[in-house]
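Colleague: I have a model open and want to read its features one by one. Can we start with charged pairs?

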Amino acid sequence: MRWSFLLLVAALAALPACWGGVTGAQGPAVNAALRTAVATKDALVIADTLEDLIAAGVDTPEDRQLAYAEVRAHAVDTAAYTYARAVVTGRLVQLKGLLGADMVGEVEHYARRSRELDPSFRDGAATRMLGTLYVVAPAALLRNGDSETGLELLEGLVQKAPDVIENHLRVAEAYIALGDVDPAKPHLCRCSADRGKLRRDDQALLAQLLKDAGNPTCPKPAATAPTP
């Protein structure tokens, strides 16, 4: 999972709807990179391109609307497609705010399906997405999980793949969302030591989580012994 559902929840809980009509693939408000991605008709390429635009802070509302429409139009039952569908749907929910509340179930459905088809896809990307969704999304919008289930999924990823830094970020995010700061601190410190492995928007999320956790003092990384 390469994006934060804390932002999704903020959109559902506080933000007004802020989307307009679709400009279209040739419209000036659609980034050229997304137009190129759409031409491939590959859902994962489209989702990844949208995520790159969001990470760079240059995406537009029309990018999100177009990505969703195009991915939805080319449905296939694969782990890659269903993951991509969950990603672009979640990004559209962020955009629509309260008007997107009824689409949270769609995010859940496709993340679950991707996990069923291939739980190892992209180092458990669908599990990261689903676990975070269960922790931070309003329970009334979900069908099959709750915060306890979500935390178990995320902790399981950390145990299975401790070298995947994003797993630690999502666990920390989950604990802080639940108001339990202390268990988040070791994961935050691990992320801080390897923050260069995180993409730019996840680095920004890490900075906010560290602040929320009271800027914990992290041990200095152990020095590497010189090679004789």
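Modeller: Start with E51 and R199. This is a predicted model, and in it the side chains of E51 and R199 meet in a salt bridge, 3.4 Å from N to O.

Colleague: Where do E51 and R199 sit in the chain?

Modeller: E51 is in helix α3, and R199 is in the loop between α10 (185-193) and α11 (200-212). They are 148 residues apart, so read the pair as a link between distant parts of the chain.

Colleague: Are E51 and R199 buried or exposed?

Modeller: Both are buried.

Colleague: How many salt bridges are there by this rule?

Modeller: The count comes to 15. Take R113 next. Its side chain meets that of D77 in a salt bridge, 2.6 Å from N to O. R113 belongs to helix α6, D77 to the loop between α4 and α5, with 36 residues separating them.

Colleague: Which other residue forms a salt bridge with R113?

Modeller: E116, with the closest N and O atoms 3.1 Å apart. R113 and E116 share helix α6 and lie three residues apart, about one turn of the helix. Salt bridges can also share partners: R128, E166, R170, E173 and D202 are joined that way into one network.

Colleague: What does T82 touch beyond its neighbours within four places in sequence?

Modeller: V76, D77, Y110, R113, S114 and L117. Both partners of the R113–D77 salt bridge are therefore in contact with T82. The T82 side chain also reaches the backbone nitrogen of S114 at 3.3 Å.

Colleague: Next, the nonpolar core. Which residues have the most contacts inside the largest one?

Modeller: L34, I46, Y83, V88 and M129, in a core of 40 residues. Helices α2 (32-40), α3 (43-56), α4 (61-73), α5 (79-96), α6 (104-117) and α7 (125-136) each give two or more residues to this core. α5 gives the most, with 10. Apart from this core lies another, of 21 residues, including I165 and L188.

Colleague: And the whole chain? What does its secondary structure come to?

Modeller: 11 helices and zero strands. Of the 228 residues, 49% count as buried. Among contacts between residues at least 6 apart in sequence, 66% join residues at least 24 apart. The chain exposes about 10700 Å², with carbon and sulfur atoms supplying 55% of it.

Methods. Residues are numbered from 1 along each chain as its sequence is written. This is a predicted model: local features need pLDDT of at least 70, side-chain atom pairs count only at pLDDT 80 or more; totals for chains, interfaces and linings use all residues. Side-chain values use heavy atoms; hydrogens and water are left out. A nonpolar core is a set of buried Ala, Val, Leu, Ile, Met, Phe, Trp, Tyr and Cys residues joined through side-chain atoms within 4.5 Å. Buried means under 20% relative accessible area, exposed over 50%, partly exposed in between (1.4 Å probe, protein chains only). Helices (H or I, at least four residues) and strands (E, at least two) are DSSP runs, numbered from the N terminus. A polar contact is a pair of N or O atoms within 3.5 Å; within protein, one must be able to donate a hydrogen and the other to accept it, and residues adjacent in sequence count only if both atoms are side-chain atoms. Contact means heavy atoms within 4.5 Å. Accessible areas come from the Shrake-Rupley method with a 1.4 Å probe; for residues, only the protein chains shown count as cover. A salt bridge is a side-chain nitrogen of Lys or Arg within 4 Å of a carboxyl oxygen of Asp or Glu.
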